[in-house]
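Let's walk through this one together, question by question. Have a look at the chains first.

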Amino acid sequence: MTETRTTAAAPPPLAARVARAPRARHFVSRLLTVIGLALLVVFFGVPLAWLATAPFDSAPTLAVAWPDWTLSNFAAIGENRYAIGSFVNSAIIGFGTCVVVLVLGAFASYALSRVRIPGRDGLLYALLLLSSIVTGTAAMVPTFQLVNMLGLIDTHLAVVLVVSGGTLPTVIFILKDFMDSIPRSYEESARLYGARPWQILRDVVVPIARPGLAFVAVWTLVQVWGNFLVPYLLIRRTQQQPAAVLMYTFYTESGQADLRLLSAFALIFSIPIIVMYFLVNRRYGFRFHGGIKS
Amino acid sequence: MAGLGRFGAGAFVAPALALIGLFLVFPALWTIYLGMTDYRLTGLQAVDPSFVGLDNYEQILGDPAFWRSLRLTLVFVLASGIVGQSLLGFAIAWALRRLTGWLKSVVETLVLAAWVIPASVASFLWIALLDRRGGTLNEILGTQGTAWLIEHPMAMIIIFNIWVGTAFSMLLFSSALASVPPSQLESARMAGASGWQQLRDVVIPNIRGHILTNTLLITLWTFNTFTPYLVTAGGPNGASEILAVYIYNTAIPGGQLGVGAAISLIMLLINLVIALGYLRVGRARAARPAEATAAETAGGAATS
């Protein structure tokens, strides 16, 4: 109060006022930023901390605590009947989807990139729109029923096909971009030597488009590896389940959860996706950030 | 044309289209029919379902559980998506915009890590954090014995979803803020505008398109996420049963495939409305392509 009155009675020179006020304001805003960032680190870091400590603790609890270091928890994965098998299942589903999506996506995007069909762009956008509307969640009932009628319940093939169908529009869209940027002259000369279209694709286009294909492969793997709903819906037999579903089974169906197994399993399960993500992130930057995970 | 005639091109595109047709287009259309039958998972109607017309819709619209689920979904999308993720994502991007060094990398890495780890792992991390007896949260707050997931299930899945999804908004807004012309900010500062005034008068008008895109994508994704199921399974007693979980619980454990299909169609229609909104915005912004690229690529990712 007194300060205000003195200021009012004898205003200091303009320059001094301007200089002082921003400095105070700057300090306060700096302080608030630091406090805010600290709270953020706590909010995002505390739940994650368990994943970093519990797998290495000889007696892990649910709480985050400094571990009593050991690596023996990872042996628990080998002792579980289903754990290693579930990683194999995840790998089969992941690579299976990659192969289907890459092969079909490469053929389709190459053709769409090279041939002018009326309504091509409309088709691409319609497919893209459709794939964002018909999500796994919204279409779970008809998808389940379709797979049921095809007799594919409890098979990896079912998950591969359903996920491929859902991701192909995006894959074709991304790959077409890469295909468009490949100069046509290479193909022209290959054609002069009598190469068939599929030979041109295999021997000329694919080697040049390799970065694009690699990106799509990683993108697809990231999509499939963590996908819970589709395999949860379509695979009921524990032996067939991928890690995403088995992880959930570990903490819901076994009564008292075995935290040694759970923590080690969770870490091993998460590492590939974190590594792949940061790899792509470093190489491609934000242009694909949103696309990498939905 | 690389020797690829129309016929050859058709042969190249056909396998992909067939797969998309069978596993993406067909289920969407089939829902319309399934939703008008009394299909069940087991029993007589599983073998020989009959056509019941609009009975399922009559049942759903008269069911208070459906309306509660719709209301919870609305709260969930508003609080965790539109308000939570967008505002927090923007705030982080704003706070980090001029920062460099380790603090920035730590914050970014943590936010991103929460986003990329598999959903079933993230869910367990939160179940452990919120556990009644041994959870870290109760230890930090000294509130031993508070069962967060039973006493405040909606609040918890909202906070959980903010934790999981904020990374996208953070990334989108970081790139948006980088596109604001520094000269405009500089002249605002020269004119004595405070941080808040710069934000309101320079930054927000410049990134309006990004805000719209972000809001629509987040709405679509939050509306379609199934991950809260892994934390609360819709419980206790349906208190956190958002629409995605409601469909699952009705159709699979509940065995009522026909009714589930009918709700699915309602969900598909809501998705269509959101996506058409996105498309309109996208077209309006097509005139300014540089601004659009990042988000458009992301827009194609709302699969599975």
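Q: How many helices and strands does chain A have?
A: Happy to start here, with a predicted model in which local features need pLDDT of at least 70, side-chain atom pairs count only at pLDDT 80 or more, and totals for chains, interfaces and linings use all residues. Residues are numbered from 1 along each chain as its sequence is written, while chains are lettered from A and ligands numbered from 1 in the order in which they are written. Helices (H or I, at least four residues) and strands (E, at least two) are DSSP runs, numbered from the N terminus. For chain A the count is 14 helices and zero strands.

Q: What share of the residues in chain A is buried?
A: A residue is buried if 20 or more other C-beta atoms, placed from the backbone, lie within 10 Å of its own. Of the 294 residues in chain A, the buried part is 44%.

Q: How many residues of chain A are in contact with chain B?
A: Contact here means that the C-beta atoms of two residues, placed from the backbone, lie within 7 Å. Chain B brings 86 residues to this contact, and chain A brings 89.

Q: Which helix of chain B gives the most to the side that touches chain A?
A: The leading contributor supplies 19 residues and spans residues 6-34 of chain B. That is helix 1.

Q: What separates the centres of domain 1 and domain 2 of chain A?
A: The bounds, from an automatic or database domain assignment, are 12-70 for domain 1 of chain A and 81-292 for domain 2 of chain A. Taken over C-alpha atoms, their centres are separated by 37 Å.

Notes. Buried ≥ 20, exposed ≤ 12 C-beta atoms within 10 Å, placed from the backbone.
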